[in-house]
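Here are my notes for your first read-through. Keep the structure open and find each residue as you go.

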Amino acid sequence: MRRPHVTDAGTSGGQIDTGKPHSARMYDYYLGGKDNYPVDAEAAEQVISLFPATRELALTNRLFMHRASRLLAERGVRQFLDIGTGIPTEPNLHQIVQGVVPEARVVYADNDPIVLRHAQALLHSTREGKTAYVHGDVREPGKIIAAARETLDFSRPIALSLVALLHLVADEDEPARIVHELLEPLPSGGYLTLSHATGDFDPETWERVVEVYRKGGTAAQVRSRDEFSAFFTGLELVDPGVVLAARWHPELGEERGGGEGEEMPLYAGVARKP
């Protein structure tokens, strides 16, 4: 397989398969986007029929990413590697962090050709900073790291984001190994940001949701709080540790009112590499 493509210009490439749903396009549908196909909408509606708060869950995840990225930028992190980026939805991660630190550098990575087609929206960096896009698969972490080195300085701290991604990686693909291989080349002082759907509160419903994804060809797998927490082994969790996503530093986010999203079955956490 060829090396993942890095672009500064959003070059198009790859074949978009409109015959089966893709998780990035389903997520776009949940967020009210237009970059999805009937097959994605059909699968997404099946999920919504099983878990009616799916759109709220997607928004809760998105807002967690905003808050976590903002906090790390405020803590002085200047480099970010975001894998499983998805179809651009403003504000994107680089807009969040460059709003705090204009010189921040951001590398995005995803494996859906439609995300590559829209990568130009991810590349509107500040003059002081830089953004790039890697078309690659998280199951090949070494290739993503090699491509990211063209933009990021691996002698300085990097924040790695795997937001709403690992529940799309089955146990047989060894997600713990993937996380380790992505973290290993990162220097001390970097961070890992994770969020992950869970079946802890309604196992039967989430078993059926997972089946919708698997029938469409996506190896979905929800995990328990303990299974999720294990991804942070060897790292120093940032307060408040592993919590439901909406409870992770809500004071840093946009005002929503009414405590929406607080009970969404989505764990989140941020940890520092010592």
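1. Which residues gather in a patch of negative charge on the surface? They are Asp 202, Glu 204, Glu 207 and Glu 211. Keep in mind that this is a predicted model.

2. Glu 211 sits in helix α8, which covers residues 203–215. Its relative accessible area is 36%. Patch members need over 30%, and buried means under 20% while exposed means over 50%, so Glu 211 counts as partly exposed.

3. Now take Val 210, also placed in helix α8. Val 210 is buried, with a relative accessible area of 9%. Leaving aside residues up to four places away in sequence, Val 210 touches Ala 220, Gln 221 and Val 222. Val 47 is 163 residues from Val 210 in sequence, yet their C-alpha atoms are 8.7 Å apart in space.

4. Check the cis peptide bonds. One joins Glu 90 and Pro 91, with omega about -5 degrees. Pro 91 lies in the loop between β2 (79–83) and α4 (93–100). Another joins Asp 239 and Pro 240, with omega about 10 degrees. Pro 240 lies in the loop between β7 (236–237) and β8 (243–244).

5. Next, positive phi. Ala 164 is not a glycine, but its phi is positive, about 55 degrees. Ala 164 is in the loop between β5 (159–163) and α7 (175–183). Its relative accessible area is 18%, so Ala 164 is buried.

6. His 249 is not a glycine either, and its phi is about 45 degrees. His 249 belongs to the loop between β8 and β9 (266–272). Is His 249 buried or exposed? His 249 is buried, with a relative accessible area of 18%.

Methods. Residues numbered from 1 in each chain as written. Predicted model: local features only at pLDDT ≥ 70, side-chain atom pairs only at ≥ 80, totals over all residues. Heavy atoms only, no water. Patch = residues over 30% accessible without salt bridge, like charges linked within 9 Å, V, L, I, M, F, W, Y side chains within 5 Å. Areas by Shrake-Rupley, 256 points an atom, 1.4 Å probe, with all protein chains shown as cover. Salt bridge = Lys/Arg side-chain N within 4 Å of Asp/Glu carboxyl O. Lys, Arg positive; Asp, Glu negative; His and termini not counted. Charge placed at Lys NZ, Arg CZ, Asp CG, Glu CD. Helix = DSSP H or I, 4+ residues; strand = E, 2+ residues; numbered from the N terminus. Buried < 20%, exposed > 50% of the residue type's maximum accessible area, 1.4 Å probe, protein only. Contact = heavy atoms within 4.5 Å.
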